[in-house]
Amino acid sequence: MVKILVTGSAGFLGKNIFNQLKDKHQVYGISRRTSQTTTHPMDITNLDMEQLLNKLNPDIIVHTAALTGVDYCESHKEEAWKINVLGTENLVTWCKNNNKKIIYISTDYVYPGILNNYDETSEVNPVSVYGITKLEAERKVQTLKNWTILRPTVIFGYDFGGNNFLMQMLALKEKRKIPFDQIRNPTDVKVLCKQIDKIIDSKIEGLFIATGPETIDRYKFALLIAKIFNLDKNLLESTSTAEFNQIAKRPLNNGTNSSKIRSILNYKCPTLHQSLEAIKNQIWTTA
């Protein structure tokens, strides 16, 4: 049994990872917020972080904690740097001194969104503060002997009261503009958690794109959600990103190729349609 610490354990991804691993391993969860998956309330930028790490002494840190609001990061650069970079550096320093491993959850926002079909060898050039801080955190992690970096995007799944893109669509009551020119590979949270589980078991290291297998623009993704969940597609209005006049620039043509990780893990990823159908069945089962 491996001792694993999940940072950001109260967040959408963090709690799913915690629940995926808890029956197989000794799992701890830290977060600034208390939750059922938070065993130790803690901010990763806190000076007491080292003391807690010494006490728990995890073999692996699965690091999901981050400031992820893209526009918020753009207008709060120092806070974004403190949490995303310096917080990561705290964990890296402890792992370096204790010969431990980090599995770091990064993002496709490290790419500039020009070429599409980005893979692990593609040049990185983030266009936002959020992307810059996540890339810098990647570089901190890569100074370790043992590390794995995963780059997912648009992580979706059922999360009661949550705010991921799927949940936003399910809660839609009035017309909403959806960008047709933001191209991504939406990532099923259950798939990502299973991949992390397999990475821990197989002790795989390195940098991997960990997105879903299908490249789709956000508007078409919203239409697919509407079709499967019988939502009113007339509430969805196709709009260009420029019309949103957002604070931070978005990488637009940011399709990614995640075949490497699926091949190494020998993992057949469900289609978007299959993932959404499974979530619909999950909702019916728990309703």
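Student: Which hand does the crossing of α1 and α7 have?
Tutor: α1 and α7 cross in a right-handed way. Helices are DSSP runs of H or I with at least four residues, strands are runs of E with at least two, and both are numbered from the N terminus. Keep in mind that this is a predicted model, where local features need pLDDT of at least 70, side-chain atom pairs count only at pLDDT 80 or more, and totals for chains, interfaces and linings use all residues. Residues are numbered from 1 along each chain as its sequence is written, and side-chain values use heavy atoms, with hydrogens and water left out.

Student: And what angle do α1 and α7 pack at?
Tutor: Helix α1 (residues 12-21) and helix α7 (residues 189-202) pack at about 50°, and their axes are 9 Å apart. That makes α1 oblique to α7. Axes are lines fitted to C-alpha atoms, for helices over the stretch in contact, and angles between N-to-C directions run from 0 to 180 degrees. Under 35 degrees is roughly parallel, over 145 roughly antiparallel, 65 to 115 roughly perpendicular, and the rest oblique.

Student: Which α1 residues meet α7?
Tutor: Phe-12, Leu-13, Asn-16, Ile-17, Gln-20 and Leu-21 do, and their partners in α7 include Val-189, Leu-192 and Ile-196. Contact means heavy atoms within 4.5 Å. The residues of the contact of α1 with α7 divide into nine nonpolar, two polar and three charged. The nonpolar class is Ala, Val, Leu, Ile, Met, Phe, Trp, Tyr, Cys and Pro, the charged class is Asp, Glu, Lys and Arg, and the others, Gly among them, are polar.

Student: How many residues of α1 are buried?
Tutor: Seven of its 10 residues are buried, so α1 is mostly covered. Buried means under 20% relative accessible area, exposed means over 50%, and partly exposed lies in between (1.4 Å probe, protein chains only). Among the buried ones are Gly-14 and Phe-18. The buried residues of α1 pack against β1, β2, β4 (60-63), β5, β7 (155-156) and α7.

Student: OK, on to the sheet. What is the strand order?
Tutor: Seven strands form an open sheet in the order β3-β2-β1-β4-β5-β6-β11, with parallel pairing. β3 (40-41) and β11 (206-209) are at the edges with a single partner strand each, so one side of each has no neighbour in the sheet. Two strands pair if DSSP finds at least two bridges between them.

Student: How many bridges join β1 and β2?
Tutor: Five bridges, in the parallel sense, between β1 (residues 3-7) and β2 (residues 26-31). Lys-3 stands opposite Gln-26 in β2.

Student: Which strands does α5 touch?
Tutor: Helix α5 (residues 129-141) packs on the sheet and touches β5 (101-105), β6 (147-151) and β11. The direction of α5 makes about 165° with that of β5.

Student: Changing topic: where is His-273?
Tutor: His-273 is in helix α10 (residues 272-286). His-273 is partly exposed, with a relative accessible area of 36%. Not counting residues up to four places away in sequence, His-273 touches Leu-224 and Ile-228.

Student: And Lys-280, buried or exposed?
Tutor: Lys-280, found in helix α10 too, counts as buried at 13% relative accessibility. Leaving aside neighbours within four places in sequence, Lys-280 is in contact with Ile-228 and Phe-229.

Note on methods. Left-handed = near helix turned anticlockwise from the far one by under 90°.
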